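Subject: Structure for you, with notes

Hello,

Here is the structure I promised to send over. My notes follow below it.

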Amino acid sequence: MAGSGMCAGGRVELNGERYDIRTKVHQVSGYSAHTGQEDLLRFIEGIPLPPKEIRIVHGDSHAKQEFATILKTRLPNSKVCIPKGTGS
């Protein structure tokens, strides 16, 4: 399940395991997972309290690795990971 479907509750699969969504999920309008890295960085850095964890789940392997390296440099207090089994 991805995108707006998560806002209604349900489950998500990460690293081959299914998890119930038991948190408040906010939908952000005007945002696309298909935007460029600079727009994503601007979006993430604009969050008032930096996220504790960022999971990169979309894109080809090289792009995800490159983005993770940039995020780790620019947001050193955020845990950045690329879950296994997350394809483009």
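Which residues are buried in helix α1 (residues 37-45)? They are L40, L41 and I44. These residues cover an arc of only 100° around the axis, so they sit on the same side of α1. They pack against β3 (53-55) and α2 (61-74). Please keep in mind that this is a predicted model.

**Overall layout**

The protein chain has two helices and four strands. Along the sequence they run β-β-α-β-α-β. Of the 88 residues, 23% count as buried. The accessible surface comes to about 6,700 Å². Carbon and sulfur atoms account for 51% of that surface. Take the contacts between residues at least 6 apart in sequence: 50% of them join residues at least 24 apart.

**Helix α2**

Which residues of α2 are buried? The set is K64, F67, A68 and L71. They cover an arc of only 105° around the axis, which puts them on the same side of α2. Their cover includes α1, β3 and β4 (79-81). H62 and T73 are on the other side of α2, and they are exposed.

At 1.5 Å a residue, its 14 residues should span 20 Å. The end C-alpha atoms are 20 Å apart, which agrees.

K64 is the lysine in that buried set. Its relative accessible area is 4%. The cut-off for buried is under 20%, so K64 counts as buried. The C-alpha atoms of K64 and C81 are separated by 9.4 Å. Along the chain, these two residues are 17 residues apart.

E66 also lies in helix α2. E66 is partly exposed, at a relative accessible area of 37%. E66 and Q37 are 29 residues apart in sequence, yet 9.7 Å apart in space, C-alpha to C-alpha.

**The nonpolar core**

In soluble globular proteins, nonpolar side chains tend to be buried together. Which residues make up the largest nonpolar core here? There are ten: L40, L41, I44, I54, I56, F67, A68, L71, L75 and V80. Helices α1 and α2 each supply at least two residues of this core.

Leaving aside neighbours within four places in sequence, I44 is in contact with P51, I54, F67, L71 and L75.

**Salt bridges**

Side chains of opposite charge can pair when their charged atoms come close. How many salt bridges does the count come to? It comes to three.

- D39 with R42: the closest N and O atoms are 2.4 Å apart. The two residues are three residues apart in helix α1, so about one helical turn separates them. D39 is partly exposed, at 39% relative accessibility. R42 is exposed, at 53%.
- E45 with R74: the side chains meet at 2.9 Å, N to O. This pair links distant parts of the chain, with E45 in helix α1 and R74 in helix α2, 29 residues apart. E45 is partly exposed, with a relative accessible area of 36%. R74 is partly exposed, at 39%.
- E53 with R55: the closest N and O atoms are 2.6 Å apart. E53 is partly exposed, with a relative accessible area of 33%. R55 is partly exposed, at 38%.

**To recap**

Best wishes

Terms used
Residues numbered from 1 in each chain as written. Predicted model: local features only at pLDDT ≥ 70, side-chain atom pairs only at ≥ 80, totals over all residues. Heavy atoms only, no water. Buried < 20%, exposed > 50% of the residue type's maximum accessible area, 1.4 Å probe, protein only. Arc of directions from axis to C-beta. Contact = heavy atoms within 4.5 Å. Salt bridge = Lys/Arg side-chain N within 4 Å of Asp/Glu carboxyl O. Areas by Shrake-Rupley, 256 points an atom, 1.4 Å probe, with all protein chains shown as cover. Core = buried A, V, L, I, M, F, W, Y, C linked by side-chain atoms within 4.5 Å. Expected span 1.5 Å × (residues − 1).
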